[in-house]
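Please walk me through this structure in the viewer, one selection at a time. I would like to know what to pick next and what I will find there.

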Amino acid sequence: MIAHSIIQQLHAILGPGGVLTAPEDLAVYAYDGTFMDRRPDVVVLPTTTEQVSQVVALATAERLPVIARGMGSGLAAGSVPCDGGLALVTTRLNRILEIDVGNSAVHVQAGVVTADLQAAVEKIGLFYPPDPSSIRHSTIGGNIACNAGGPRCLKYGVTGDYVLGLTVVLADGRILRTGGKPIKDVVGYDLTALFTGSEGTLGVICEALLRLIPRPRFIRTALAEFPSLDDASRTVNAILTAGIVPVALELMDETAIACIEEAMHLGLPLDVEALLILETDGNHEAAVIDEIETAARICGETGARRVQVARSEAERTALWRARRSVSPALARKAPNKLGEDITVPRTAIPEAIRRIKAVSARYGLPVVIFGHAGDGNLHPNILFDRRDPAQWAAVEQMVEAIFAISLALGGTLSGEHGVGALKRPYMEKALGPLSIEIQRRIKQALDPLGIMNPGKVFPQ
Amino acid sequence: MTASHDQRPPESAYLNCIRCGLCLAVCPIYREYLTETASPRGRVALARKGLEGELVLSPNLFEQMYACFDCLACNEICPVGIRPADLALALRATQEAMHPARWKRPLFRGLIPHPGRLELATLPLRLYERLGLRRLAYALGLRRLLPARLRDLEAMLPCLPQRPLRQHIPEVVTPAALGFAGPDPTADEHAARENPAAGRRVGFFLGCAQNVLFAEESAAAVRVLARNGCTVITPAAVRCCGMPARGYGDVAAARDQARFNIALFEQAAVEVVVTDCATCGSTLREYGELLRDDPAWAARAAAFSRKVRDVSEFLVSLPLRKPTGRLDGRVTYHDPCHLRRGQGVWREPRHLLQLIDGLEFVELPEADWCCGSAGSQLITHYETSLRVLARKMENVAVTGAQIIASGCPGCQMQLNVGVRRHGLAIQVTHPIVLLDRAYEGS
């Protein structure tokens, strides 16, 4: 229970409607996109960086954990209040403060929905490439805090590649501004990069200055059908070594296809083991077409039975909407799913998939595989029913086995979801003790009281 | 459904929600308040936690179920097949079973299912219009003396009819009775063979709001059907479709009304049941589902639901006469939630508008985003309703349209409020009225 005096002070800072304490409110801020469920003691909805600063200063004085949360779409339980505390929700920090066309930059508050940001800049011919699948239900602040990726990362890079500067409220309530509009900046340590991907453990990201690029004028998208999953995974390397840089190269296996077809009725083939979605873009139509045709030809040579280029923008949009819905659509098959996010060197993709399928067979629970095959980032999803203790025990062992596969092949635990609460037991295995020790010291320097998102990232 | 099902939705209604959050993007209420409590995912979580005993089924928990505007956008986007909007309605029934509200019985069983009483209850509104009091109130600026909330409620009212349509429309209207010939000789011959309209017996479901507030629109709908060769049967005894009762958790009353209407239209021996009200249409289509577990009625209800058509949908399926009259102006179209998502009808009304010479059709940005009406939300959730409406009116303003058409009385009333609040010179109407005018002008 949180002291009444603290609630009163929060009310004074945030004004009417900015503080939620009803049991019903606390119950719905207990989760993100995972099965974890722990209630905060209070929920606050600030609208300015100054309010965040005052709230965090109060939390420090009261030794209250601060858990930053955007729209709660995270897949690693990074915004679940494991130890209670104050859920600091950024959704009302939702203003686009400035679009600087001359410098191709945009200054936003952290709670702007990423798709809204993209729509706003695309109206004037600019482009913000990172496109996590949660693009319409996640905030830019959450994307930065997890250094989110997405299909287009293959060509354009991840969220962090577009962050020019940040406004961060530190654990003691002070406001730090990092970076700026200059593209080149080597003065001092790169604190912008430090906070990017810090998952709310070092401070609260309140504003961001983002780099934009010109919007590519032409896009082509193709769908390749593979009777063999193994052939599809080998095709990825064949395309990438042929001198083409596709925007995206997405893989989905047969269960993923079945789930999405059941949900969206797009007419996807149900008798193949895998689909690849390929996309190319650029400012010269002929070159864009040439690249998609080259990629399509390679698919044909490596075992695709059919490759079809989307004929209209509507068809292309539907295809991507389907791809973005794959992960949740899997829940048609089971009440729970655990989506992993391993990344391996791309030549190891076929081997990684073979070994993961073997794990699935050994434990008797389905593992669906889809993901951004082009950059080696796979999302093996274990389907299960958490109410069955035997299944849950198997899931825990399977997760460990999948991580072991990734590490053995030179890969890592997470490409874009982050560590959160779910992957922290495996951190040390992935990084080694020295790396963990250095990271602990950084954490200690910035958050000596340990109030910023406790119970996350670091192993216990 | 058994009684216990009425009280508690089945586990399958929420079990597989993995809380991905996709529904947050499309929920008009979430997008205004930006709190999880006001989101579909939040409502599903609350329902589950309440039903499983983690939370108390408190008044505040149930209140969140009434915060849903039932626009169905979450139902449509959920890749898992969870229907958060349906679950919110189901929880209202749970509350009603646990703590029946005293005021609901007289309203949903005593007044609404009885057209005569409803007509009497709304008589003062018609007198206000017909005695010239309304014109006077506007001319003298008396409306400005009303508190803002009351002024908005007044603005909801369309130009009210002299009499409810039910009191004067013949139960059977034939093309000949209105002076129209049989099937159109100019209509495409192939289409005529495929889908002969000649002599079709069409049941017309006259909804309550259409009857007492928008009588001219339903009169137009019947005229347009007859003009295209249909014999239109409008049973005068028709009762409320049941949506208001369902919306407030009185499922038993909704079922009673469904049984009554099914039997009524069975007697009329019609091929299809046409309505010009989006909400009635979507409710009638759900009779099969509503009475699924009633052995005596399940098959009859399912057969009835299969016959239901929105008027635009039915007209487009006919070999339609081309209206030869002309209407000048720019028109846009707002999709009623219960027409587009509830019934999958959205191309058809646009098609009808585009048949009319002189009328320039412009698409409305976010045409299928809720307008904030949701039946009675302007009364029960005034502030939210106006916030959702403001987003709609911003989109309407950019179209530059002089007319906004929408096939739902609730939406039209809400848009009337929007037009007046935002000072736009736009006429709000039903697409069928425009089509009728184009025919009449021939």
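## A tour of chain B

Select domains 1 and 2 of chain B: 6 residues of domain 1 are in contact with 6 residues of domain 2. Now highlight helix H6 (residues 84-98) of chain B, which supplies 5 residues, the largest share of the domain 1 side of this contact. Colour that side by class and you will find 2 nonpolar, 1 polar and 3 charged residues. Keep in mind as you go that this is a predicted model.

Next, colour chain B by its domain assignment: domain 1 covers 3-98, domain 2 covers 165-316 and domain 3 covers 326-440. The C-alpha centres of domain 1 and domain 2 of chain B are 31 Å apart.

Then bring chain A into view. Here 24 residues of chain B are in contact with 30 residues of chain A. On the chain B side, pick out helix H3 (40-51) and helix H4 (59-66), each of which supplies at least two residues. H3 of chain B gives the most, with 4 residues. By class, this side of chain B has 13 nonpolar, 8 polar and 3 charged residues.

Of the 442 residues of chain B, 53% count as buried. Among contacts in chain B between residues at least 6 apart in sequence, 78% link residues at least 24 apart.

How values were computed
Residues are numbered from 1 along each chain as its sequence is written. Chains are lettered from A and ligands numbered from 1 in the order in which they are written. This is a predicted model: local features need pLDDT of at least 70, side-chain atom pairs count only at pLDDT 80 or more; totals for chains, interfaces and linings use all residues. A residue is buried if 20 or more other C-beta atoms lie within 10 Å of its own, exposed if 12 or fewer, and partly exposed in between; C-beta atoms are placed from the backbone. Two residues are in contact if their C-beta atoms, placed from the backbone, lie within 7 Å. Ala, Val, Leu, Ile, Met, Phe, Trp, Tyr, Cys and Pro count as nonpolar, Asp, Glu, Lys and Arg as charged, and the others, Gly among them, as polar. Domain bounds come from an automatic or database domain assignment.
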